[in-house]
Amino acid sequence: MADRKIIAVLGATGAQGGGLARAILDDDTGEFALRAVTRNPQSDKGRALAAEGAEVVRADLDDVASLKRAFDGAYGVFGLTNFWEHFSPAKETQQGRNIAEAAAAAGVKHVVWSTFEDTRKWVPLDDNRMPTLQERYKVPHFDAKAEADSAFREHGVPTTFLYTSFYWDNAINFGTGPKRGEDGVLGLAMPMGDARLPGIAAADIGPAVLGIFKAGDHYIGRTVGVAGEHLTGQQMAQGFARVLGEEVRYHAVPADVYRGFGFPGADDMGNMFQFKRDFNDDYTRVRSVAETRRLNPSLRTFDQWLAENGSRIPRE
């Protein structure tokens with residue numbers, strides 16, 4: 001590992017971080033070595049990474065000292081937070097700031113920080129087109145990450161700001177796939193109207209991030225958005241129908257209806273979809289499929305992802 005550049009990967013046993021860990025381990029060039037950072041190195045996934053040659057270390061996003069230790073000697077860091085673990089925007093912002101502080105202290109040469117737009121730049125808090133949530137956010141899991149962006153600049157950390165897209169995998173494990181209605185027909189409900197939704201296979205993010213690191217300084221100071229395709233809700237419903245072998249109807253529900261669905265975070269998700277719909281040109285423009293494919297030549301289309309994962313999609 002001494003002759004290779006170490007990439008410390010936060011969330012190395014999760015979706016984004018796990019994809020990057022896999023990409024580093026599978027990279028034939030051997031340019032980078034994987035330091036998998038996780039809260040529980042003794043988990044099954046942590047042990048599996050260690051068995052494949054990764055250095056697996058413990059750190060907690062709420063503990064700056066542990067992050068400094070995890071980043072010590074690393075060339076690069078992949079940083080991300082997970083709002084859906086705790087639903088606290090303030091906690092998420094602080095965790096992002098902790099990553100920036102630790103990366104600066106460790107003298108890291110390149111951080112790829114997984115963040116999002118601050119939606120309040122498009123919809124100020126006093127704009128009633130969408131409700132304000134928790135008194136100071138429009139889309140909490142976007143805005144909270146964006147609030148941490150400044151910390152990377154203030155600490156002088158060489159940073160690439162990564163904007164991801166809607167995970168197609170959410171149809172499997174986050175409940176956003178087709179649901180069976182009272183009439184027995186599957187329906188895909190999203191408040192997107194006929195706007196296009198940038199989406200991506202979660203596993204394709206990691207190889208794109210590795211491409212950013214391989215490009216050296218090229219992407220430092222830049223915002224890079226990744227997407228596999230930009231599809232309308234109707235196109236996604238048709239794709240689901242093909243792989244599931246039955247009708248799937250697209251329901252372009254109003255955002256207010258979606259916010260009232262009642263599951264944890266429904267208001268946040270409703271606002272998120274509305275933001276993507278109402279400012280679709282701005283949202284899609286920064287998520288270039290062509291650039292993502294340059295970074296990850298094996299990038300999947302939605303149909304390719306469906307072919308691999310169709311059997312895992314619940315038919316509730």
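Reader: Which residues form one aromatic cluster here?
Author: F116, W122, F142, F275, F279 and Y283 form that cluster. Rings of Phe, Tyr and Trp (its six-membered ring) pair if their centres lie within 6.5 Å; planes under 30 degrees apart count as stacked, over 60 as edge-to-face and the rest as tilted.

Reader: Before we go on, what sort of model is it?
Author: This is a predicted model: local features need pLDDT of at least 70, side-chain atom pairs count only at pLDDT 80 or more, and totals for chains, interfaces and linings use all residues. Residues are numbered from 1 along each chain as its sequence is written, and side-chain values use heavy atoms, with hydrogens and water left out.

Reader: OK, back to rings. How many aromatic pairs are there?
Author: The structure holds 20 of them. One of these is W84 with F87, an edge-to-face pair with 5.6 Å centre to centre and 80 degrees between the planes.

Reader: How does the pair of F116 and F142 sit, stacked or edge-to-face?
Author: F116 and F142 are stacked, with centres 4.0 Å apart and 5 degrees between the planes. F116 lies in the loop between β5 and α5 while F142 is in helix α5, so the pair ties together parts 26 residues apart in sequence. Helices (H or I, at least four residues) and strands (E, at least two) are DSSP runs, numbered from the N terminus.

Reader: Is F142 buried or exposed?
Author: F142 counts as buried because its relative accessibility is 1%. Buried means under 20% relative accessible area, exposed over 50%, and partly exposed in between (1.4 Å probe, protein chains only). F116 is buried too, at 11%. As for the other pair, W84 is partly exposed at 23%, and F87 is partly exposed at 34%.

Reader: Let's stay in α5. Where does D143 sit, and what is it in contact with?
Author: D143 belongs to helix α5, residues 140–154. It counts as buried because its relative accessibility is 0%. Leaving aside neighbours within four places in sequence, D143 has contacts (heavy atoms within 4.5 Å) that include E117, D118, T119 and R120. Y137 and K138 are also among them.

Reader: And what about T93, which helix is that in?
Author: T93 is in helix α4, residues 89–106. With a relative accessible area of 2%, T93 is buried. Beyond its neighbours within four places in sequence, T93 is in contact with A144, E147 and A148.

Reader: Switching to backbone angles: what is phi for Q134?
Author: Phi of Q134 is near 50 degrees, a positive value in a residue other than glycine. E135 also has a positive phi, about 75 degrees, and is not a glycine. Q134 is in the loop between β5 (110–115) and α5, and E135 is in the loop between β5 and α5 as well. Q134 is partly exposed at 48% relative accessibility, whereas E135 is exposed at 76%.

Reader: Now zoom out. How many helices and strands does the chain have?
Author: The protein chain has 13 helices and 13 strands. Its radius of gyration is 19 Å, close to the 20 Å that the globule rule gives for 316 residues, so the chain is as compact as a globular protein of that length. That radius is taken over C-alpha atoms, and the globule rule is 2.2 Å times the number of residues to the power 0.38.

Reader: How much of the chain counts as buried?
Author: Of the 316 residues, 55% count as buried.
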